[in-house]
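I opened the notebook to look up a helix, the aromatic contacts and the charges over rings. The entries follow the order in which I checked them.

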Amino acid sequence: TTIPVFIGRLIALASSHAPAALLGEAWPQLAGMAAVLLVARPAAIAFQHLVTNQAINPGFTNLVRWQNHWHVVRQSWTFFQNDFAGRIANRVMQTGPSLRESVVVGTNAVWYILIYGGTAIVLLGSRDVRLAVPVVLWFAGYAVTLRYFVPRLRARSRRLSETRSSLTGRIVDSYTNILTVKLFARPRDEDAFVRVAVDEHTDAFRRQLRLITLLGITLAVLNAALLVGTGAVGVWLWSRGRIGVGGLATALPLAWQISNMAGWIAQSVTSIFENVGTVQDGMRSIAVPRQMPDRADAVALRVERGAVRFDSVRFGYGTARGVLHGIDLAIAPGERVGLVGPSGAGKSTLVNLLLRFYEVEEGRILIDGQDIARVTQESLRGRIAMVTQDTSLLHRSIRDNIRYGRPEASEAEVREAARRAHALDFIEGLEDWQGRRGMEAHVGERGVKLSGGQRQRIALARVILKNAPILILDEATSALDSEVEAAIQEQLDDLMKGRTVVAIAHRLSTISRMDRLVVLNHGRIVETGAHAELLRQGGTYARLWRRQSGGFDIRGAAGGVDAVPAGD
């Protein structure tokens, strides 16, 4: 507001002084105005930019991102199963900048409205109250306009953000599963899958821009009315001698400045609510309460022996039919137990409950007498090592992936774990797309640069390095060829010594040497015993064995097995 005031003052001085006397008589005022424009105004602008660009923007954005990530990475496994990973990541990345822009732009908009609008009314009213009437009426019209448009902008911005997140999720889903897309020759189907989201986003974008266009037209009419009204009142008051030429010269630039400010604020409001829509969409995922938080009194798990007990455990993913029905199973310290049964019997569910990926619906699970529901999840999973059938590696170096089992491990320990997993030979021959070799080579997203067998051996090395007292094997050698499997089986036998082991395998020959086999069917334990004992019983396990062995069931006189079915 200094510029319109100074323009009016300069015109007033020029009209009241002779040209020759102006500088001599009015130089203090002229010097003061020059000092404000040359020093005070740039200093104020510099301060604003320093606060915005140095104090707020850099730290605030990544602070929000960091807090979002911290919260999301501690969500339950179910949380990630119910959404696209790409959409979650997109929300984590976009919420910070959007929230920052909303805060900064919103603060600036309110500041300018209060400063410019309030100062304009005071300055014009000091000349003549009637001169401030057009500005007051304009503010009233501006408030009504925002009252109408803002809620609608917010709703349409939220819809736009939802469609953008959906579009991102579909694109990432296609890229993540690109091998499947190519194997089935389905790029056109993926085009159609993504195009639906593109069209939805386009429609939402068009609807939002239509509202923004209407807002712009409304403001243009309001601004024109402000300029015409201020000019008309000013000329009328000047013609009647109520104000001087300086007052008239101040009123018109002030009205022009307010109208320009209104256009900027309108764009700011549009930006604010576009960002608010993004923030609201992000908060629907990011601000979701943790589904399985640790109890307030949770303590760290202490494993001294490794005894595991399932006590009347019932679970069914919230369904009435259920999956597990009253499982009672005690696993002694150091005992090796194999879980056997047809698909859907509940084997993986039992393991997931032991890892506390889900909470039991009835009953409890104890480790060394400690209810796992009362211990911290990090300490629980820190004392359990698991090798899965679907091995997924981090998009980092081989060394980082192996050391993930124990971050403080030395280089020698990492190499020894790789050697024991029969992975060192192929690791030393690796070279990635950036020329990094051996342990430094990166494996690609989810380990796509490696074969299935190589990924599984890296996972085995990671578990060997972790050295946890409880070991879970879920088809741990399924991706290995027979020769490598035989070699690694020796390492697994060594790894299992002194540890409590729970193993799942569809190939029964791989777990037939376990101390005890537990046969599950329809969520219940139907048989338990050693391999030879279960064959003699002729029940569910014997039928599964005969089916896999192609009908051969050759037993010795003592009931032991003399032949292993071909193909296993």
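These entries concern a predicted model.

**Helix α9.** I looked up the burial of α9, which spans residues 347-354. I found 7 of its 8 residues buried, so the rest of the structure largely encloses this helix. The buried set is Lys347, Thr349, Leu350, Val351, Asn352, Leu353 and Leu354. I then checked what follows α9 and noted Arg356, which has a positive phi, near 60°.

**Aromatic pairs.** How many aromatic pairs are there? I count 7 aromatic pairs. For Trp138 and Phe139 I read a centre distance of 5.0 Å and a plane angle of 80°; the angle is over 60 degrees, so the pair is edge-to-face. Trp138 has 3% relative accessibility and therefore counts as buried, the limit being under 20%. I also traced ring pairs that link Trp138, Phe139 and Tyr142 into a cluster.

Next I took Phe315 and Tyr317. Their ring centres lie 4.6 Å apart with planes at 70°, so I logged this pair as edge-to-face.

**Charges over rings.** I looked up which arginines lie over a ring. I found Arg152 over the face of Tyr148, at 3.9 Å from the ring centre. I also found the charged end of Arg170 over the ring of Phe193, 4.3 Å from its centre.

Note on methods:
Residues numbered from 1 in each chain as written. Predicted model: local features only at pLDDT ≥ 70, side-chain atom pairs only at ≥ 80, totals over all residues. Heavy atoms only, no water. Buried < 20%, exposed > 50% of the residue type's maximum accessible area, 1.4 Å probe, protein only. Helix = DSSP H or I, 4+ residues; strand = E, 2+ residues; numbered from the N terminus. Phe/Tyr/Trp six-rings, centres within 6.5 Å; stacked < 30°, edge-to-face > 60°. Lys NZ or Arg CZ within 6 Å of the ring centre and 35° of its normal.
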